[in-house]
Amino acid sequence: MNIDIIKHRNIFFIFSGILILASIFAFFFFGVKQGIDLAGGTNWQIQIENSAIKESDLRPVLDELTGNSNLTIKSLPEGNLLIKLPSISEEDHQKYLQALQEKFGKIKEPSFESIGPTVGQELKNRFIWAFLLGLLSIMLYVAWAFRKVSYPVKSWKYGVIVVLSGFHDIIVPVGLMTFLGWRQGIEIDTNFIVALMFILGYSVNDTIVVFDRIRENLILTHNKGNFDFAATINSAVRQTFARSVNTSLTTVLAIAPLYFIGPLSLKYFILTLMLGIIVGSYSSIFIASPLLYVWHPIKNKNKVK
Amino acid sequence: MKKNKFPIFLILIILAAILAGLFDYQPIWPKLVSKAHLPAAFNRDWRLGLDLVGGSLLTYNIDLSQVSAADRDSIVRGLRDVIERRVNLFGVSEPQIYIADVGDQRNLIVELAGIKDINQAIGMIGETPLLDFREVEELPAAETASSTAGQSAEPNYKFIPTNLTGRYVTSAQVSFDNFGKPVVDITFNNEGAKIFEDLTARNVNKYLAIFLDNQPIEIPVVKEKISGGKAQISGNFTPDSARKLVERFNAGALPAPIKLISQQTIGASLGLDSLKKTIFGGLIGFLLVILFIIGYYRGFGFIASLALVIYAVFTLGIFKIIPVTMTLAGIAGFILSIGMAVDANVLIFARMKEELKKGLSKKAAIEEAFRRAWPSIRDSNITTLIIAVILFYFATSFVKGFALTLLIGVLMSMFSAIIVTKSLLELFVRDTKNK
C-alpha cells in the first residue's frame, strides 16, 4: 500500500460524494418500502399441494374474498406463494384459508404474519431512540478515548469525523436497499435497521483503529519537532491498512455464504451487513483520515509538498 | 528457558474444548449423559426460537384506559399471570409470556413454540372471561338505540360501568339453586367485597347487570346490601356451561381487556429448513475464514484457526448453558462474531512479530505483545459492545437474539484471545535466538 491518500483525497471525496448523492436520490426518489413489521400488514406464505395452481388462479379468488384488489401475490422458491394483505384478524385468516382449500385442495402454511399498524409506529419510535443513543454513546466514547490528544487536532473533532464517516457507511446501504425496493420490491424491515446499527458500531471501530495510529504517530513525530501532518496520516494509514482490510474481509467471508445459501429471511440482512462492513472499511481509510487533514486547523502553516 | 515445558494449561483447554464440542452437538450429548450415569440436570437442549422450531408469537395490546395509573402495574402483572395459567392449560412446552412497554402502551406478548392449532390457542386466550358489574339506569324508550348490549335482555336501559371487575374474584364454584338449576358462586377478595357492598347498598331495589365478555348474562334486582363478598350468578346455565365458566374463572378472569394486534406464525417445516440452511451457511463461512487466514498468515494462521475453533465451541457451550434462545438473527450474530474474532488474533500476532524482531526472547515477546495489543483489542470491540447493549435493551424478541449472541460472542472472543491464543503461542512459537 503506497498510495498517498492525502494527496489523492479529492478522488475519494468525489467518489463518496457520488455514492452518497446517489443514495440520497434513491431514498427520496424511490421512497422506502417498509416491511409489515414497520408499516403493518399481513404476509401469508402458502404452499398449495396441487402445484399446477398459479398466482393467476389465486388472484381472482382472493380479490373476491378480501374485497381488496390491492393485494399482491408473489412466487417464492419451492412452490411457495406469498400473499400480502392489510392486517387481518385470525377469524378472517381462517375464513380465507378455508375458502382457498375448498377451491384448490390441500394447502400448507409455512408462515402467517399479521401485524397491526400501531405496532410498527412504536417500533420506529424505539429505533429512532436506539439510534440516537447509539450515536451519542459512540461520540462520547471517541471524545473520551481521544481526550489526551489536543494537538494539533482537538479531541472532539475526532468524534465528529468518526460519526460523519459512520453516517457515510449507513447512507450507502440505505441507498442500495431503496434501489432494490424499487427494482424488486425488497422491503426495509426490523432486521435492516438492526444491520444499520451494527454497521454504525463496527465501522466506527475501524475508524478508531486508524485514528488511534494517527494519534500515536502524532505524539512521536511531534516530540521530535519535525511535524508533518500529511505524512503522519499517510504512514498511520499504511500501518493499519492490512489489518483494516483483513478484519473486514474475514467478517464478510464468515457471513457471505448465508447470503447465497442461507434462508430467504436473512438474505437482505446479510447483504446490508456485508455492504456496510466493506463501505465502513473503505471510509475509515479513504474518507475519515483525509477529512481529519482537511479540518486540520494549522494546515497552511505546515504546508506539505 | 526450558524448551519443552509440558503445556498442562493448554492441554486442559483442549480437553475442555472437546468436552464443550460434545456438549454442543445435540445428537451425541444426551447419549453420553446416560452412559456416564450423570444426573438428568446435565441433559440440556438447545433453546431454539420460534422462527426455527415453528410456533406463534402473539402480541396483545392491554387496554388500561379504565384503570387508574396507580393500579396499572399490579393489573398488568395479574393479567400476565392469568394468561400464563390459561396458556398452561393447553400444554405448550415452555411458553414465554411477557410484558413489553411501548411508549405509554403496554403489550402482552405470548410465545408458543411448536403449537399445532394456533387458531384454537388464540380463541382460548381471547375467550378468558372478562367479568364486570354495571349499574343500570332506566332511559326513556327513544334513547336506547345505541345500547352496547345489542339484542340482549333489556333494551330500555343504559349500563354504566363500575370498577367491580373479575380482577377481584378469588374463586368460583358451581352449585345448584332451589330449583335444581346450576348457578355459579363467586367470591371476591376484601377489596372487591368492599366495592360490592357499596355498589349493592347504592342500588337497593334497582337492577345491577353482570356482564361477561361484554355481554350481559344476568340482570338481577338488588334486594339488599350484600356484605361478605359473595355473589351468585344465575344466568341460563347448563351444568356444562356453568362448569366451563368456573374453570375459566379459576384460571382467572382477565383484569383488563386485551386485543390481539399482531400474530406471527412460522410452520415447523419452514423453521427446520431455515435452521439447516443457516447452520450449513455458517459452517461454510467458518471454513472460508480458516482457509483465508491459513493462506494469508501461514503458520500463524493455523494457530489462529485452532484458537477460532476453540472459541466457537466454548461460545456455543455458553449459549447452551445460559440458555440463550437461538433465533435466525441470533445465529447470524454468532457467525458475525466468528469473523470479528480473527482480528484480536491478528493484532497479537503482528505485535509479537515486532517484538521478536527487536530481539526479545519468546516469553518476553509474547508477554509484551499481549500487553501492547490489549488496548487495541479492547477499544476495537467497545463500540460493537455498546451497540449490542443498546439493541438488546430496545429491541423486540427476534432482535434480542442477535444482540445477545453478538454481545456474548464479542466478549468471548476477547477472553479467548487472552487465554487460548496466548497458550497456543507459548507452545508453537520458537525462540528466534534458537533458530
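User: Which residue is the bridge partner of A:Gln45 in S3(A)?
Analyst: A:Leu82 is the bridge partner of A:Gln45. Keep in mind that this is a predicted model.

User: How many bridges join S1(A) to strand S3 of chain A, and which way do they run?
Analyst: Six bridges join them, and the two strands run antiparallel. Strand S3 covers residues 80–85 of chain A.

User: How do S1(A) and S4(A) pair?
Analyst: S1(A) pairs with S4(A) in the antiparallel sense, over seven bridges. For one position in that pairing, A:Thr42 stands opposite A:Ser114 in S4(A).

User: How many of the eight residues of strand S1 of chain A are buried?
Analyst: Six of the eight, so strand S1 (residues 41–48) is largely enclosed by the rest of the structure.

User: What holds strands together in general?
Analyst: Strands of a sheet pair through backbone hydrogen bonds, either parallel or antiparallel.

User: OK, zooming out. How is chain A divided into domains?
Analyst: Domain 1 takes 9–36 + 118–294, and domain 2 takes 41–115. Their centres, taken over C-alpha atoms, are separated by 40 Å.

User: How many residues does each domain of chain A give to the contact?
Analyst: Four residues come from domain 1 of chain A and six residues from domain 2 of chain A. On the domain 1 side, three are nonpolar, one is polar and no residue is charged.

User: Helices now. At what angle do H3 and H4 of chain A pack?
Analyst: Helix H3 (residues 55–66) and helix H4 (residues 90–104) of chain A pack at about 145 degrees, and their axes are 11 Å apart. The crossing of H3(A) and H4(A) is right-handed.

User: Which residues make the contact of those two?
Analyst: H3(A) brings A:Val61, A:Leu65 and A:Thr66. From H4(A) come A:Tyr96, A:Ala99, A:Leu100 and A:Lys103. By class, the contact of H3(A) with H4(A) has five nonpolar, one polar and one charged residues.

User: Switching to chain B. Which domains does the assignment give there?
Analyst: Chain B has domain 1 (8–48 + 267–434), domain 2 (53–128) and domain 3 (131–253). Between the centres of domain 1 and domain 3 of chain B there are 62 Å, taken over C-alpha atoms.

User: And how many residues do chain A and chain B put into their contact?
Analyst: Chain A puts in 57 residues and chain B 54 residues. Elements of chain A that give two or more residues to this side include H4, strand S4 (107–115) and helix H8 (229–261). The chain A side divides into 31 nonpolar, 18 polar and eight charged residues.

User: What does S4(A) pair with in chain B?
Analyst: S4(A) pairs with strand S11 (residues 258–266) of chain B, antiparallel, over five bridges. Here A:Ile115 stands opposite B:Ser262 in S11(B).

User: One more thing. In what order do the three strands of the open sheet in chain B come?
Analyst: The order is S6-S7-S10, with antiparallel pairing. Strand S6 (169–176) and strand S10 (230–233) are at the edges with a single partner strand each, so one side of each has no neighbour in the sheet. On average, neighbouring strands of this sheet are turned by 25 degrees against each other, direction ignored.

User: How many bridges join S6(B) to S7 of chain B?
Analyst: Seven bridges, and the two strands run antiparallel. Within that pairing, B:Ala172 stands opposite B:Ile186 in S7(B).

Notes: Residues are numbered from 1 along each chain as its sequence is written. Chains are lettered from A and ligands numbered from 1 in the order in which they are written. This is a predicted model: local features need pLDDT of at least 70, side-chain atom pairs count only at pLDDT 80 or more; totals for chains, interfaces and linings use all residues. Domain bounds come from an automatic or database domain assignment. Two residues are in contact if their C-beta atoms, placed from the backbone, lie within 7 Å. Ala, Val, Leu, Ile, Met, Phe, Trp, Tyr, Cys and Pro count as nonpolar, Asp, Glu, Lys and Arg as charged, and the others, Gly among them, as polar. Axes are lines fitted to C-alpha atoms, for helices over the stretch in contact, and angles run from 0 to 180 degrees between N-to-C directions. Helices (H or I, at least four residues) and strands (E, at least two) are DSSP runs, numbered from the N terminus. A crossing is left-handed if the near helix is turned anticlockwise from the far one by less than a right angle, and right-handed if clockwise. Two strands pair if DSSP finds at least two bridges between them. A residue is buried if 20 or more other C-beta atoms lie within 10 Å of its own, exposed if 12 or fewer, and partly exposed in between; C-beta atoms are placed from the backbone.
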